[in-house]
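Subject: Structure handover

Hello,

Here is the structure I promised to pass on. My notes on the ligand sites and the backbone follow below it.

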Amino acid sequence: MRTQVGIVGAGPAGLLLSHLLRLAGVESVVVEARSRDYVEHRVRAGVLEQGTVDLLVASGLGERLQREGLCHRGIELRFAGRGHRIDFAALTGKAITVYGQQEVVKDLIGAALRAGSEILFDVTDVSVHDLDSPAPRVTFHRNGVPEELQCAVIAGTDGFHGVCRPSIPPGVLATFERTYPFAWLGILAAAPPSHDELIYAYHERGFALFSMRSPEVTRLYLQVAPDENIDEWSDARIWRELHTRLETDDGWRLNEGPVLEKLLAPMRSFVVEPMQYGRLFLAGDAAHIVPPTGAKGMNLAVADVSVLARALTAFFTSGREDLLEQYSATCLARVWRAEHFSWWMTSMLHRFPDGDTFQHKLQRSQLDYVVSSRAAATSLAENYVGLPLP
Ligand code: RFL
Ligand code: PHB
């Protein structure tokens, strides 16, 4: 097989890249290790920045998003038994949209299939070759049969555990990394959300997050130990802990409902520089990871591929290489802003196992400042709603 851009991985990054390239008249083929059903039901991110929504709508993906997405004009920070609203609309003129990542993925797969684009699901043994030549290749097995995809460019959108980043020769990439001494235990519950915006709670027993997916489904997270055994968390224990960490002095109650799904998410900050090598361009989680506290992961993936789609379009339609050469530098400025914001939110809102009372006092002071100073609240708000796309 031959195509212009070989795309490894059908997450939001790979699927949106293929979509944007198709609109610009550039051919691509997506290869994905998992099944269509698996990628369409993988529950992950839920918050879209306004710039992400605008891009999806402008590229013809807004139909269901605009109908079912929940527009939120603020979030609440909760600590010491009280809630404090950060009013995004008043502080920035912007809002966020709650719409599940798997819904974005379903919309993208639907659009690709309607347009007759190729997404090869369930492939195995994917590897990438000749990355520093003008004719790189992707090889894989489909139904047990070896196949080869010859391309001009490869997009590595295969997530943090993918094969593209490790295929870059040693010594090319610099890695910047931080792990955190906690993880998140997340649940999806068939319970109507008991509040209409997200709540980030700092509590002496640890962080908790109240979110949602729809008027019927609540999404909740708890800070737990990094090596936590999820089997030790019965539904009753999870609800007890959520009530304790989220409750307020004025009697706010969390609605309970059947737990539909439970997961443990590690917390990590990770960046490689540069995000390219020869004709391989990394985008999304393949190049960088943020802890989920700032809701930035999927939005960064979208920002990367919007830059990459523009650069590839210039390359294939007019032979321009400058935008491709600048790809990594263009993306990394935004990546580092999101890395800092996610690290900052994480550090402000979690209990550190080795944290002393001094650290706790600093965290409380920071929280008091953020909810009482318009300047501090505006800084949180403009990062949360997202800076303009590059
Ligand atoms: P993905 O989604 O991981 O997709 C990569 C795809 O590549 C496939 N793959 C391969 N295919 C072929 N060959 C191989 N060798 C392959 N290896 C892997 C995989 O099967 C997969 O289909 O990466 P992408 O596209 O870069 O998208 C990134 C986002 O998924 C990620 O950043 C977000 O989910 C992070 N995240 C959040 N981001 C937000 O913007 N807002 C949020 O509110 C938010 N909440 C979250 C999150 C991530 C979480 N977890 C589970 C880590 C909440 C959680 C709990
Ligand atoms: C979610 O709804 O899954 C979610 C929301 C906000 C975050 C992380 C996850 O910061």
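Which element gives the most to the shell around ligand 2? It is β15, with 3 residues. Please keep in mind throughout that this is a predicted model.

**Ligand 2**

The shell around ligand 2 holds 14 residues. Tyr200, Ser211, Arg213, Tyr221 and Pro292 come closest. By class, the shell splits into 8 nonpolar, 3 polar and 3 charged residues.

- The side chain of serine 211 places an N or O atom 2.6 Å from a ligand 2 oxygen.
- Proline 292 uses a polar backbone atom, at 2.7 Å.
- Threonine 293 also uses a polar backbone atom, at 3.4 Å.

Taken alone, ligand 2 would expose 280 Å², and the protein buries 96% of that. Two elements give two or more residues to its shell: β15 (208–214) and β16 (217–224).

**Ligand 1**

Around ligand 1 there are 34 residues. The nearest are Glu32, Arg42, Gln101, Asp285 and Met298. Of the shell residues, 17 are nonpolar, 10 polar and 7 charged.

The polar pairs here again involve an oxygen atom of the ligand:

- Arginine 42 brings a polar side-chain atom to 2.6 Å from an oxygen of ligand 1.
- Alanine 13 has a backbone N or O atom at 2.9 Å.
- Asparagine 299 has a backbone N or O atom at 3.2 Å.

On its own, ligand 1 exposes 1,000 Å², of which the protein buries 88%. At least two shell residues come from each of α1 (12–23), β17 (259–273) and α8 (297–318). The largest share is that of α8, with 3 residues. Domain 1 and domain 2 both contribute to the shell, so ligand 1 lies between them.

One open sheet has 3 strands. Their order is β3-β7-β4, and the pairing is antiparallel. β3 (47–48) and β4 (70–72) are the edge strands, each pairing on one side only. β3 is joined to β7 (residues 96–98) by 2 bridges. Within that pair, leucine 48 sits opposite threonine 97 of β7.

**Backbone points to check by eye**

Which peptide bond is cis? The one from glutamate 273 to proline 274, with omega near -10°. Proline 274 belongs to the loop between β17 and β18 (276–277).

Two residues other than glycine have a positive phi. Aspartate 125 has phi near 50°. It sits in strand β9 (residues 124–129). Its relative accessible area is 54%, so aspartate 125 counts as exposed. Asparagine 143 has phi of about 50°. Asparagine 143 is in the loop between β10 (137–142) and β11 (145–150). With a relative accessible area of 75%, asparagine 143 is exposed.

Best wishes

How values were computed
Residues are numbered from 1 along each chain as its sequence is written. Chains are lettered from A and ligands numbered from 1 in the order in which they are written. This is a predicted model: local features need pLDDT of at least 70, side-chain atom pairs count only at pLDDT 80 or more; totals for chains, interfaces and linings use all residues. Side-chain values use heavy atoms; hydrogens and water are left out. A residue is near a molecule or strand if one of its heavy atoms lies within 4 Å of it. A polar contact is a pair of N or O atoms within 3.5 Å; within protein, one must be able to donate a hydrogen and the other to accept it, and residues adjacent in sequence count only if both atoms are side-chain atoms. Accessible areas come from the Shrake-Rupley method with a 1.4 Å probe; for residues, only the protein chains shown count as cover. Helices (H or I, at least four residues) and strands (E, at least two) are DSSP runs, numbered from the N terminus. Ala, Val, Leu, Ile, Met, Phe, Trp, Tyr, Cys and Pro count as nonpolar, Asp, Glu, Lys and Arg as charged, and the others, Gly among them, as polar. Domain bounds come from an automatic or database domain assignment. Two strands pair if DSSP finds at least two bridges between them. Buried means under 20% relative accessible area, exposed over 50%, partly exposed in between (1.4 Å probe, protein chains only).
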